[in-house]
Amino acid sequence: MSGRRAHMGMSVTISAATEQDAEQIFRLQYLCFQTEAALYGNYRIDPLVQTLDSVREEVARDCVFVARLGEEVVGSVRGSVTEDGAAAIGKLCVHPRLQGHGIGARLLRAAESALADQHGAKRFRLHTGHRSEGHLRLYRKVGYETVGTSQGADGIPMIVLEKPAGAYAATA
């Protein structure tokens with residue numbers, strides 16, 4: 001266990017992703033979403049079939065943040081403003097060995113701030129699979145509320161959650 005404690009002694013920093021991070025984000029996403037895929041028995045979910053080039057494009061175009069432990073990317077999230085003024089936030093992932101330390105909530109907050117301040121987002125929207133209890137718990141804790149359901153391109157029933165910009169849950 002000493003290895004894990006040593007890690008936690010180093011502080012995890014949150015910053016905007018650069019194109020140099022694309023490959024690490026790509027690998028991290030592939031690792032993290034294996035558990036999601038297993039939940040649904042579907043290994044064709046979008047984060048697992050996304051190409052490295054596509055991740056590079058998102059890093060260049062969208063609002064992408066990473067969590068770093070030293071040189072290693074241990075978490076990431078991305079967001080983009082949609083036509084209706086809401087910002088779509090997605091592909092939140094944190095390395096399995098560092099989950100449960102609030103990194104996901106910090107990544108979400110960084111994305112929300114940037115989307116509101118720099119892109120004028122009035123509200124935030126995210127989708128998560130109907131069985132993804134951990135994700136749902138986190139999103140509700142930081143102020144998201146279920147507004148509906150949708151079907152993912154991969155056929156998985158998704159829960160759609162939203163929250164207005166500037167609404168921070170007291171627990172966040």
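Ala, Val, Leu, Ile, Met, Phe, Trp, Tyr, Cys and Pro count here as nonpolar, Asp, Glu, Lys and Arg as charged, and the others, Gly among them, as polar. With those classes in hand, let us walk through the model.

This is a predicted model, so to speak of local features takes pLDDT of at least 70, side-chain atom pairs count only at pLDDT 80 or more, and totals for chains, interfaces and linings use all residues. Residues are numbered from 1 along each chain as its sequence is written, and side-chain values use heavy atoms, with hydrogens and water left out.

**The annotated stretch**

An unreviewed UniProt entry lists residues 12-166 as "domain: N-acetyltransferase"; such annotations may be inferred rather than shown by experiment. Over residues 12-166 the chain is 37% helix and 34% strand, with its end C-alpha atoms 25 Å apart. Helices (H or I, at least four residues) and strands (E, at least two) are DSSP runs, numbered from the N terminus.

**The sheet and its helices**

An open, mixed sheet is built from 7 strands in the order β1-β2-β3-β4-β5-β7-β6. Two strands pair if DSSP finds at least two bridges between them. Because β1 (12-16) and β6 (145-151) stand at the edges with a single partner strand each, one side of each is left without a neighbour in the sheet.

In the antiparallel pair of β3 (residues 72-81) and β4 (residues 86-94), 6 bridges join the strands. Within this part of the sheet, S76 stands opposite C93 in β4. Helix α2 (residues 22-40) packs on the sheet, touching β2 (63-69), β3, β4 and β5 (123-129), and its direction makes about 80 degrees with that of β3. Helix α6 (residues 133-141) also packs on the sheet, where it touches β4, β5, β6 and β7 (157-164); the direction of α6 makes about 160 degrees with that of β5. Contact means heavy atoms within 4.5 Å, and angles run from 0 to 180 degrees between N-to-C directions of lines fitted to C-alpha atoms, for helices over the stretch in contact.

**Two pockets**

A pocket is an open set of points on a 1 Å grid over the protein atoms alone, where a 1.4 Å probe fits, with protein on both sides within 12 Å along at least five of seven lines; lining residues have an atom within 4 Å of a point. A volume is the space filled by probe spheres set on the points.

| Pocket | Volume | Lining by class |
|---|---|---|
| Largest pocket | about 740 Å³ | 13 nonpolar, 9 polar, 10 charged residues |
| Second largest pocket | about 570 Å³ | 11 nonpolar, 9 polar, 5 charged residues |

Of the 32 residues lining the largest pocket, D46, G90, K91, H127 and M158 are the closest to its centre. In the second largest pocket, α6 gives the most to the lining, with 6 residues.
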